[in-house]
Amino acid sequence: MSETAASLRHKIASAGDLESVVRTMKAMAASNIGQYENAVRSLGDYYRTVQLGLAACLRQDQPPAATGRITHQETNVIGAIVFGSDQGLVGQFNEVMVNFVVDTLEKLPGKKTVWAVGERIQSRLAETNLSPLAGFTLPNSIGAITPLVGQILIEIESRREKDEITQVYVFHNQPKTGAIYTPVSQRLLPLDDVWRHDLAAIQWPTANLPEVFGEGERTLRALVREYLFVSLFRACAESLASENASRLAAMQRAEKNIDDLLEDLNRTFHRLRQSGIDEELFDVISGFEALTVPQQQSLQSDNSKGQQ
């Protein structure tokens, strides 16, 4: 009985320690979600502004009505940037993304080159037929995203100059109400006629049509740089927000499971302890009866002799 009770005490203590870790991870995830969600909201407005600026430049060069129906040009070298996680405890976060990447790229013709952002996603991609190149370290704060985006843009430009890639796609998980996150993709490069047509078709928000003054080509180049930068920045921020939301949900499930386990362990421990107490009481009663019965018999025998 003592060994079983000791084992239960050890399990209860271990479960309590694990619950403390889970609560800490839960608090960290909840804290991180706020900063990433605020960044995503801000980036959404800025991204829209950059798109409108590009649309104004492109509309001035070529009106939407003059642009006919355009289809994507097939190329044979595709680069894919995949955002995942560095740490675990995120449920199916990386698995869902890998499946989405594999399914999407299989539908595209040509050779594929993959860059993974995050150690966990890189190890998952290595198990597929999409062997990733040397990956990038996932940022752990908003301030660390900018250097990462710079590294990715330098890598992309280097590969494009060597004609090693002709198209670039970005894959990441995007926060979604009711489903925590959903995998999405964006065709980042090339900035071809398809890209121009899509931007030029954006409706200006007011009745006053824009006009670009000064050097239009210089303005366009500056806006293109901002477009590439904010696209990657937003993808990373949305992925980090989704990761922390997934971790928070996983920690909430783990906390509930640990609470249920602790309740069962404590119930079993108290039942076992009560059983031990009952056994000890029975032993005491049995011992008392064993001592008192002979005495009662002896007294009865003495009384009988005295009456005789």
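1. Strands count as paired if DSSP finds at least two bridges between them. Helices (H or I, at least four residues) and strands (E, at least two) are DSSP runs, numbered from the N terminus. Within this pair, A80 sits opposite Y169 in β3, and I81 faces V170 of β3.

2. A word on conventions. This is a predicted model, where local features need pLDDT of at least 70 and side-chain atom pairs count only at pLDDT 80 or more, while totals for chains, interfaces and linings use all residues. Residue numbers start from 1 along each chain as its sequence is written, and side-chain values use heavy atoms, with hydrogens and water left out.

3. On its other pairing, β1 joins β2, also in the parallel sense, over seven bridges. Here V82 is opposite A116 in β2.

4. The whole sheet is open and has four strands in the order β2-β1-β3-β4, with mixed pairing. Its edges are β2 (111–117) and β4 (180–189), each of which pairs on one side only. From one strand to the next the twist averages 20 degrees.

5. How buried is β1? Seven of its seven residues are buried, that is, under 20% relative accessible area with a 1.4 Å probe and protein chains only (exposed is over 50%, partly exposed in between). V77, G79, I81 and F83 point one way, and I78, A80 and V82 the other. In a regular strand, side chains alternate between the two faces of the sheet.

6. Helix α2 (residues 93–106) lies across β1, β2, β3 and β4, at about 140 degrees to β3. Such angles run from 0 to 180 degrees between N-to-C directions, with axes fitted to C-alpha atoms, for helices over the stretch in contact (heavy atoms within 4.5 Å). Together, β1, α2 and β2 form a right-handed β-α-β unit: with the strands pointing away from the viewer, the path from the first strand over the helix to the second runs clockwise.

7. Finally, confidence. The protein averages a pLDDT (the predictor's confidence in each residue, from 0 to 100) of 83, and 84% of the residues score at least 70. Over residues 63–75 pLDDT stays under 50.
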